[in-house]
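My notebook is open, and I am going to look things up one at a time. Come along and check each entry against the picture.

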Amino acid sequence: MTNNQPTPEAIMRLINGYWATGILGAAATHSLFTHLDGGADTADRLASLAGISERGAQTLLDGLVSLGLVELNDGRYANTAEASTFLVEGRPADLSSFAKLKLTHMGGMVDLPEVVRAGGPVRDAAVEVADNPHWAEVVPAIAAQSVPVARIAAETLGLAEAGEISILDVGGGSGIYSAIWLGLNPAARATQLDWGPINELATRLVAERGVGDRFTCVDGDFHATDFGTDAYDVAVYSHIAHQEGPEDNVAILSRLRSALRPGGTLVLCDYVVEDDRSGPPFPLIFASEMLLKSKQGGTWRRADYHAWLTKAGFEDISFQSTPSPATLVFAR
Ligand SMILES: C[S@@+](CC[C@H](N)C(=O)[O-])C[C@H]1O[C@@H](n2cnc3c(N)ncnc32)[C@H](O)[C@@H]1O
């Protein structure tokens, strides 16, 4: 007989949630998903390929089965479809370096009780700091998350067939939007505004994708650097709004409206929450990251984006969900 009594199982898993970050980060560190993809399907084979102990390999495999990332059939281990798509090194949407990075961030959560008391970061490492080395670590690791989203935006806007367009990416990071869009449209040109050291990194990554000759960078703080007037057909503001407060978002979006030609389109991408804050789960939980790391950031509601974009002078505003936790917002 079953009954509907609550059990502690889910809460036990949550209390020990750091196990998941640890196991996933360690498995990524030792390229386990890549070796599994290459056909290693037992603990001893994985151990010898990864150069780790067999006891360690078996423990990671047990953990990964528990987490639903690896399947076990007749004594043979294999990646699930999700692990195969998102955790094998070198695949376009590979998140394994992000998993490794997050393992190093785990200790920061110890500050959260104090951070919620204070209402903001209690250490120096806030996102607002100029040339913060934090970004050089984060930016390459998050690039893969934008790959499917940039492709969807290109499809929605017909960018491949748009001819000689010019693109501005504010806080472009790895330059991933430019790399993908310039790859799709051989007549397009892109300009990225970001901190100097990040632009150097982007210049290298975009060149590796063979489109560096149409990519230029402007170094500086996007709060203070001129975006130009009537200069661009498409502007990108991706994963920036969540680090800014409402006033700064309106100010930057207004300057983006002026930088766009009449009829030009802003592509905004971020973790957008429902107006009643009932979901979706990932954007809701991401707010804690911004509380820890930024003075004014958060995860903003659809209504916030709508109001800010309207204030900034945009008229035609639409939202498009994606297969990732991020939502695309298009504004003209
Ligand atoms: C979360 S990353 C987003 C990168 C990229 N847009 C994407 O979606 O993958 C934030 C980027 O904004 C840049 N950034 C943050 N604050 C900035 C500022 N005040 N001025 C210029 N760039 C800034 C960081 O260096 C980093 O590249």
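**Buried or exposed**

I start with the cut-offs: a residue is buried if 20 or more other C-beta atoms lie within 10 Å of its own, exposed if 12 or fewer, and partly exposed in between. I also note that this is a predicted model.

Ser-31 has 19 other C-beta atoms within 10 Å, so it is partly exposed. I found Ser-31 in the loop between helix H2 (18-29) and helix H3 (32-37).

Next I looked up Asp-74, in the loop between strand S1 (70-73) and strand S2 (76-79). Asp-74 counts as exposed because it has 5 C-beta neighbours inside 10 Å.

Then came Glu-244, which sits in the loop between S6 and helix H12 (246-259). Its 27 C-beta neighbours inside 10 Å are why Glu-244 counts as buried. Leaving out residues up to four places away in sequence, I see Glu-244 touching Asn-249, Ile-252, Gln-296 and Gly-297. I also checked Glu-244 against Gly-171: they are 73 residues apart along the chain, and their C-alpha atoms are separated by 12 Å.

Ser-31 is not a glycine, yet its phi is positive, about 55°. Asp-74 also has a positive phi, near 50°. I then found a cis peptide bond from Gly-279 to Pro-280, with omega near -10°. Pro-280 belongs to the loop between strand S7 (260-270) and helix H13 (281-293).

**The whole protein**

I stepped back and noted 14 helices and 9 strands. The radius of gyration is 22 Å, close to the 20 Å that the globule rule gives for 332 residues, so the protein is as compact as a globular protein of that length. Along the principal axes, the C-alpha trace spans about 65 × 45 × 40 Å. I wrote down that 37% of the 332 residues count as buried. Of the contacts with a separation of 6 or more, 68% join residues 24 or more positions apart.

**A helix inside**

How many of the 9 residues of helix H10 (residues 176-184) are buried? I get 7, so H10 is largely enclosed by the rest of the structure. Among them are Tyr-177, Ile-180 and Trp-181.

**Two helices crossing**

At what angle do helix H4 (residues 43-50) and helix H5 (residues 54-67) pack? I read about 115°, with the axes 8 Å apart. H4 passes H5 in a right-handed crossing. On the H4 side I listed Ala-43, Asp-44, Leu-46, Ala-47 and Ala-50, which meet Glu-54, Ala-57, Gln-58 and Leu-61 in H5. I sorted the residues of this contact into 6 nonpolar, 1 polar and 2 charged.

**Around the ligand**

My last entry is the ligand, which 19 residues surround. The closest are Trp-135, Gly-171, Gly-173, Ser-238 and His-239. Helix H9 (residues 133-157) gives the largest share of this shell, 5 residues. By class, I noted 10 nonpolar, 7 polar and 2 charged residues in the shell.

Technical notes. Residues are numbered from 1 along each chain as its sequence is written. This is a predicted model: local features need pLDDT of at least 70, side-chain atom pairs count only at pLDDT 80 or more; totals for chains, interfaces and linings use all residues. A residue is near a molecule or strand if its C-beta atom, placed from the backbone, lies within 6 Å of it. Helices (H or I, at least four residues) and strands (E, at least two) are DSSP runs, numbered from the N terminus. Ala, Val, Leu, Ile, Met, Phe, Trp, Tyr, Cys and Pro count as nonpolar, Asp, Glu, Lys and Arg as charged, and the others, Gly among them, as polar. The radius of gyration is taken over C-alpha atoms; the globule rule is 2.2 Å times the number of residues to the power 0.38. Two residues are in contact if their C-beta atoms, placed from the backbone, lie within 7 Å. Axes are lines fitted to C-alpha atoms, for helices over the stretch in contact, and angles run from 0 to 180 degrees between N-to-C directions. A crossing is left-handed if the near helix is turned anticlockwise from the far one by less than a right angle, and right-handed if clockwise.
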